[in-house]
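Have the sequence and the structure open side by side as you read.

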Amino acid sequence: MPSISLGESIPPDTSHALSVSLPTWQSNIGYEEGQEWVVGRMTTGYPRFFIHKNIDGLARDIAAAHGQAGCQAMLFPTPVAARRCLDFVRQRTPADLAARLDTVHLVLDASKVLSPLLKQLSPTISAVLLPQQAFVIAKQYWQHTGDGVSSRKAEFCHSLFKDQRLIPAPSSQLAHNAQKWLLRGPKRYQRLASIDATSSSTIPGPLQSRNTDDFQESSRFLEERFGRNLDLTLVERARSAIRRRIAGLLTHEVDLRHELPPQPVMSSSRGVQSLDEGDVYLFPSGMNAIFNAHRALLAARGQIESVSFGFPYVDSLKILQKFGPGCKFYGNGSLAELDDLERLLRSGQRYLALFCEFPGNPLLACPDLERIRKLADQYDFAIVVDETIGTFANINVLPLADIVVSSLTKIFSGDSNVMGGSTVLNPESRYYGALKKAMHDEVYEDTYWGEDIVVMERNSRDFLVRVDRMNANAEAICEILRDHHLVKSLFYPKLNPSRNHYDARRLPKGGYGGLLSIVFKHREQAQAFYDAMDIAKGPSLGTNFTLCSPYVLLAHYQELSWAAQYGVDADLIRVSVGLEETETLQSTFSDALRVAEVAVGWPRGIDESLDGPHKRSK
């Protein structure tokens with residue numbers, strides 16, 4: 001994919017694209033500083049940082065119809081999620097602002113809806129109405145938790161709202177349906193009777209009657225009213241296929257027009273023989289999967305401080321710091337820090353869980369999971385591993401973890417046009433029963449919008465094949481960069497000192513992933529290299545096309561000195577390697593390196609004074 005104009009979506013001409021083109025070093029700085037020449041041209045952005053135009057349009061209309069003059073709306077899929085946001089904002093705003101906060105919950109007007117399938121999709125919207133001064137705090141909640149509505153759901157619901165088919169829910173209906181938004185499982189919480197089980201026998205209502213006149217009328221209503229090319233009658237089968245894929249129970253493509261075959265028994269490729277699809281929970285984003293894994297642990301084990309081990313993705317740390325009793329942060333993920341953790345544990349300190357990434361972002365370092373597992377067993381804490389970058393096609397971390405989380409938005413999807421996340425509970429964990437019960441009784445809401453599920457299932461069918469090619473292309477690029485005289489540091493799991501930890505979890509046919517990070521000897525070289533790269537440039541990773549960004553500038557612009565304490569250089573360039581022809585990629589990188597070779601002496605694009613204390617909540 002060639003370079004794309006500033007502010008255009010990545011992929012181009014994609015209404016639900018997840019990235020935006022920031023094609024020069026200076027445009028990334030302009031974005032972080034809110035400069036009009038950048039933000040004024042942005043058609044979209046990464047969904048948890050940039051409110052999609054579909055969401056913004058619906059929010060404006062709801063605020064105008066149901067809010068006070070000058071108020072704004074933040075949209076969520078259920079009243080429960082909206083209430084969490086409301087509580088978050090109230091705790092952080094003055095009393096006069098908190099008194100002006102309100103909510104409105106919109107549901108289908110049954111008197112105007114003929115389609116049983118539309119009722120089954122349950123396109124509800126809950127809006128937090130708040131004055132402009134409080135919106136920035138609500139936006140923090142939106143960003144950290146991933147609880148907000150998706151752009152596809154907003155588009156769908158906006159049409160209903162304009163048609164006056166979405167109306168405020170009566171308070172009596174809210175009270176009656178309060179438990180429906182928390183989808184509880186049976187009291188014995190057996191996995192085969194999962195709360196979101198998807199065998200055909202559990203699909204209620206019109207989705208069972210695939211050949212009736214009622215079903216045909218429902219399908220026509222959706223197609224004619226909303227112009228969809230997605231078969232929303234396949235949502236439950238798509239959900240099941242995704243969950244089986246993640247559980248390692250489905251490694252081939254399936255035709256969702258036919259019933260899925262019976263679930264295999266004792267055959268998961270995850271190395272945990274009793275794992276089944278009922279142990280996989282789907283969420284609307286990867287961050288929402290982490291947020292709810294944390295909530296489940298707090299519900300199951302109590303209000304205990306956690307550990308964040310290794311330099312994490314920015315919002316993973318914010319979740320542990322802002323929701324619950326806080327966390328102990330070991331940002332280097334080093335042997336010395338692991339020794340210190342063991343010292344604290346021996347002294348009597350206790351922790352809820354240790355959260356880590358395998359490998360980490362952006363330094364691609366891997367923690368010593370075997371030693372951490374021994375400590376967890378001895379001192380009674382859970383292990384939560386984010387496998388987004390490693391992916392279960394390359395590594396298997398589940399046997400050493402109690403919970404594995406992942407952003408399906410990234411490599412699992414690849415097409416950069418749909419969000420999703422997953423949480424896998426290890427059925428052999430000592431906490432499994434308590435976590436399962438907490439998920440069923442207190443935590444899990446089925447808020448993953450049906451259209452997003454169908455798109456995610458379609459995108460992920462060739463996941464394993466794509467990962468193999470990304471692995472090979474990334475290694476080919478590393479060969480060009482690793483000994484180049486301009487490169488100060490090259491971070492890649494195969495080249496890092498922690499390779500032995502990665503190899504201990506690497507599958508027999510697994511590779512080292514498609515993500516790498518580069519630090520040049522001079523800032524001017526990094527700028528010139530980035531500007532010269534004839535590829536897509538913007539936030540996100542795991543895309544089928546090669547995508548790069550000055551990651552640290554985007555993630556930590558107001559906390560560069562803080563990040564530097566943990567070896568994360570302000571000028572680091574992160575590259576997510578795609579599926580292009582290997583020779584083409586090698587040529588692209590070689591050309592950019594030649595430009596960088598003559599770059600020393602370029603004007604600096606970021607003033608040293610910006611390396612201030614860490615203030616940003618992003």
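Let's start with a strand pair: β3 and strand β5 (residues 125-131) run antiparallel to each other, joined over six bridges. Two strands count as paired here if DSSP finds at least two bridges between them, and the strands (E, at least two residues) and helices (H or I, at least four) are DSSP runs numbered from the N terminus. To get your bearings in the pair, look for Gln-72, which sits opposite Leu-130 in β5.

Strand β3 covers residues 71-76, and it is largely enclosed by the rest of the structure because five of its six residues are buried. Buried means under 20% relative accessible area, exposed means over 50%, and partly exposed is in between (1.4 Å probe, protein chains only).

A word on where this comes from: the model is predicted, so local features need pLDDT of at least 70 and side-chain atom pairs count only at pLDDT 80 or more, while totals for chains, interfaces and linings use all residues. Residues are numbered from 1 along each chain as its sequence is written, and side-chain values use heavy atoms, with hydrogens and water left out.

Next, hop over to helix α16 (residues 432-443), where you'll find Leu-435. Is Leu-435 buried or exposed? It counts as buried, at 1% relative accessibility. Which residues does Leu-435 touch, leaving aside its neighbours within four places in sequence? Its contacts (heavy atoms within 4.5 Å) are Ala-296, Leu-297, Ala-300, Ile-403 and Leu-425.

| Site | Feature | Angle |
|---|---|---|
| Phe-358 to Pro-359 | cis peptide bond | omega near -10 degrees |
| Asn-361 to Pro-362 | cis peptide bond | omega near 15 degrees |
| Asp-380 | positive phi | near 60 degrees |
| Thr-391 | positive phi | about 65 degrees |

Asp-380 is in the loop between α15 and β11 (382-386) and is partly exposed at 32% relative accessibility. Thr-391, in the loop between β11 and β12 (403-407), is buried at 5%.
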